Number of protein chains: 2
Amino acid sequence: MDIRALASHLGLSIGTVSRALNDRKDVSPLTRQRVLEAASALGYTPNQFGRTLRIGRTATIGFMLTLEHDSAVHGDPFFMALLEGVQTGLVEHGLDLVILLARKGEDGETFLRRHIARGTADGWLLSGTQYEDARIKLLSERRIPFVALGRTASIDDYSWIDLDFEGVVAEAMALLLANGHRRIGLVTPPATINNSHIVVAEYRAALARAGLAADEALIHRGDTDEHDGEAATRELMALEQPPSALLLMGETAPVGAYRALRDMGREPGRDIAVIGLRDNPMCQALSPDLTCFTLDLNALGLALADELVSISKSEKGEYLERVQTRWPLKILLRQSHNGGFSKI
Amino acid sequence: MDIRALASHLGLSIGTVSRALNDRKDVSPLTRQRVLEAASALGYTPNQFGRTLRIGRTATIGFMLTLEHDSAVHGDPFFMALLEGVQTGLVEHGLDLVILLARKGEDGETFLRRHIARGTADGWLLSGTQYEDARIKLLSERRIPFVALGRTASIDDYSWIDLDFEGVVAEAMALLLANGHRRIGLVTPPATINNSHIVVAEYRAALARAGLAADEALIHRGDTDEHDGEAATRELMALEQPPSALLLMGETAPVGAYRALRDMGREPGRDIAVIGLRDNPMCQALSPDLTCFTLDLNALGLALADELVSISKSEKGEYLERVQTRWPLKILLRQSHNGGFSKI
DNA sequence: ATCTGTGCCGTAAACGTTTCCGGTCTTGTG
DNA sequence: CACAAGACCGGAAACGTTTACGGCACAGAT
């Protein structure tokens with residue numbers, strides 16, 4: 001179903017038909033209506049490639065996932081809730097969403113570079129943002145609209161939305177310190193992930209506010225997956241002066257922590273306090289119920305989409321200030337943050 | 001970076017350059033080499049849209065996810081392992097992968113129809129296959145290559161790969177029956193999902209082989225998510241003659257089942273036998289360890305890609321028989337399948 | 001009556017490719 | 001030496017759009 005076929009069927013030229021379909025000037029109300037009716041009756045859909053070849057835009061947004069660094073993808077079955085939020089946010093502006101997958105071991109920058117050259121999308125959402133992320137510079141230089149989910153080390157010159165790690169750590173530490181804990185074990189991602197720096201800095205700040213010095217031995221950096229959560233917990237609990245509380249900044253780390261603690265004969269929520277990062281189905285399987293934080297993933301996805309749309313508009317017009325958002329999380333006071341009092 | 005710019009830079013016509021890049025006849029070895037070198041030196045990438053407009057192919061495969069019906073997506077954080085397998089399988093054949101998301105409440109058929117009209121992809125991988133799935137007919141009629149992950153009610157005339165539910169149920173039932181269980185509760189998806197029919201049929205067959213009649217009250221159909229797993233377990237255990245074993249054919253249902261059982265004062269693996277469907281991180285958080293099944297998701301993704309590639313080749317040439325694959329799962333004998341013996 | 005403006009439409013170029021067709025030049029063969 | 005065959009290359013059409021441009025007819029104004 002051509003535009004040419006549609007035009008000849010109506011006895012019009014393809015120019016008028018195109019103008020009618022795109023709401024442009026120079027077409028009478030009557031013929032516009034005739035064209036629209038015929039188009040929907042004959043099931044005409046404009047050819048994406050002809051159109052993009054001509055106008056240079058695709059009306060699609062690319063969401064780039066990096067399997068290697070996306071703890072959100074790995075750890076969270078409801079990551080899809082975020083994608084759904086993104087999708088709904090985009091369709092409201094007539095944009096389509098395609099999800100691209102950079103495989104493990106594949107360089108994210110060359111992956112993105114290839115898709116930019118191909119013209120896959122008009123704008124990008126980046127996930128799995130690294131401490132130093134070449135993709136940010138690449139997109140900034142070429143003035144391609146994008147929003148990053150997560151932030152790099154330098155955070156000022158582009159738009160990102162990230163979990164409010166500062167708030168999370170501050171609130172968790174305040175709770176534990178108020179409960180009298182003095183030795184708090186911290187499990188955090190490796191230094192290549194920017195979150196790790198933020199988390200550690202806030203951890204130290206909280207201790208300082210309480211007049212305490214940070215013990216480096218209590219800080220464990222690792223993958224914060226289930227396996228590493230287990231190993232980290234074993235390591236921390238084997239210290240000469242083991243912690244009386246654990247703060248685990250990974251989605252699945254608490255699962256491993258529970259296992260390690262039980263193996264070592266200590267019951268979470270009784271012999272030791274445990275606080276996790278985010279409420280997810282995996283942690284919901286734990287008992288006693290894990291004290292952790294929660295957020296509205298769907299709303300986060302919507303925010304990503306909205307920010308990207310407003311940036312895209314600013315590209316062709318007035319310049320809009322880039323906006324950095326720390327997405328708030330709400331603490332879920334359940335059971336596991338109790339315990340460990342006898343060790344204090 | 002045009003092909004025209006590349007040609008004029010080389011002092012050649014765009015025709016020869018194109019032939020050189022596409023390994024066609026009528027270009028001398030010397031100029032071919034010159035062209036390839038200049039192309040990589042200047043960073044030339046052929047424009048996707050110009051090319052597709054001309055030749056009608058995109059060299060990309062679409063993976064359609066339906067948020068509504070994809071228990072695999074909802075329940076499995078490592079669903080991404082499958083996508084990675086698909087991706088690696090496709091790149092070996094020079095194909096790209098795009099993932100499209102049909103939102104909740106969106107009709108999968110119209111979604112796919114729109115993307116077909118747009119020419120988004122040359123071939124399709126379908127996920128979340130329904131009992132009756134209009135997408136299958138749509139793609140078959142238009143002779144567009146596709147492979148379905150999961151099967152519909154009528155299974156003969158297209159290629160699909162699905163979990164070997166027959167084998168899973170048969171093995172689980174054999175184990176439980178051998179352990180002396182006579183009343184086995186079954187939690188299975190609703191009738192709109194084809195799996196449900198297969199599971200129930202195999203469940204009945206296993207009982208029949210043991211000379212037992214199936215009690216309809218022991219069969220619960222529902223969403224097989226965590227919440228429904230809990231509700232189903234409560235319902236089954238409240239029966240006048242409650243089951244001594246539970247077979248849960250959902251990814252996250254065991255999590256809810258454990259919770260319900262403990263609420264009712266029965267310990268899984270001691271007071272009642274429990275077998276789950278697939279080993280996933282959520283179930284790994286359960287204790288006692290859940291007896292369930294496991295499979296290589298990466299290999300499954302590779303198989304999907306390979307089958308789709310061979311179908312695509314057959315479309316333009318000799319016809320290949322469509323192949324239906326029941327993907328084998330291996331049982332993990334852990335702890336939860338023990339128990340319930342006193343009730344027998 | 002002529003002129004100007006405007007509403008409406010058709011024509012054609014352009015976006016970047018691929019591929020068919022024809023032409024030139026070299027090479028081999030009679 | 002003449003001719004055929006082949007190697008190699010350039011030209012141009014085509015894929016399906018969008019849009020700038022020009023033209024026609026009719027309205028209103030002078």
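Which residue is the bridge partner of B:Val187 in strand 7 of chain B? I looked it up in the predicted model and found B:His220.

**Conventions.** I number residues from 1 along each chain as its sequence is written, with chains lettered from A and ligands numbered from 1 in the order in which they are written. The model is predicted, and I keep to its limits: local features need pLDDT of at least 70, side-chain atom pairs count only at pLDDT 80 or more, and totals for chains, interfaces and linings use all residues. Helices (H or I, at least four residues) and strands (E, at least two) are DSSP runs, numbered from the N terminus.

**Strand 6 of chain B.** I checked residues 184-188: 5 of the 5 are buried, so strand 6 is largely enclosed by the rest of the structure. Buried here stands for 20 or more other C-beta atoms within 10 Å of the residue's own, with C-beta atoms placed from the backbone. B:Ile184, B:Leu186 and B:Thr188 point one way, B:Gly185 and B:Val187 the other. In a regular strand the side chains alternate between the two faces of the sheet.

**Pairing.** I count two strands as paired if DSSP finds at least two bridges between them. Strand 6 runs parallel to strand 7 (residues 219-221) of chain B, with 3 bridges. With strand 8 (residues 245-248) of chain B, strand 6 pairs in the parallel sense over 4 bridges; there B:Leu186 stands opposite B:Leu247. Strand 8 in turn pairs with strand 9 (residues 273-278) of chain B, parallel, over 3 bridges. B:Ala245 has B:Ala273 as its bridge partner in strand 9.

**The whole sheet.** I read the strand order in chain B as 7-6-8-9-10-12, an open sheet of 6 strands with mixed pairing. Strand 7 and strand 12 (330-332) are at the edges with a single partner strand each, so one side of each has no neighbour in the sheet.

**Helices on the sheet.** I noted that helix 12 (residues 253-263) of chain B lies across strand 6, strand 8 and strand 9, at about 150° to strand 8. The angle is taken between N-to-C directions on a scale from 0 to 180 degrees, with axes as lines fitted to C-alpha atoms, for helices over the stretch in contact. Contact is C-beta atoms, placed from the backbone, within 7 Å.

**DNA strand C.** I listed 28 residues around DNA strand C; among those that come nearest are A:Gly15, B:Ile3 and B:Asn47. Near is a C-beta atom, placed from the backbone, within 6 Å of the strand.

Definitions and conventions:
A residue is buried if 20 or more other C-beta atoms lie within 10 Å of its own, exposed if 12 or fewer, and partly exposed in between; C-beta atoms are placed from the backbone. Two residues are in contact if their C-beta atoms, placed from the backbone, lie within 7 Å.
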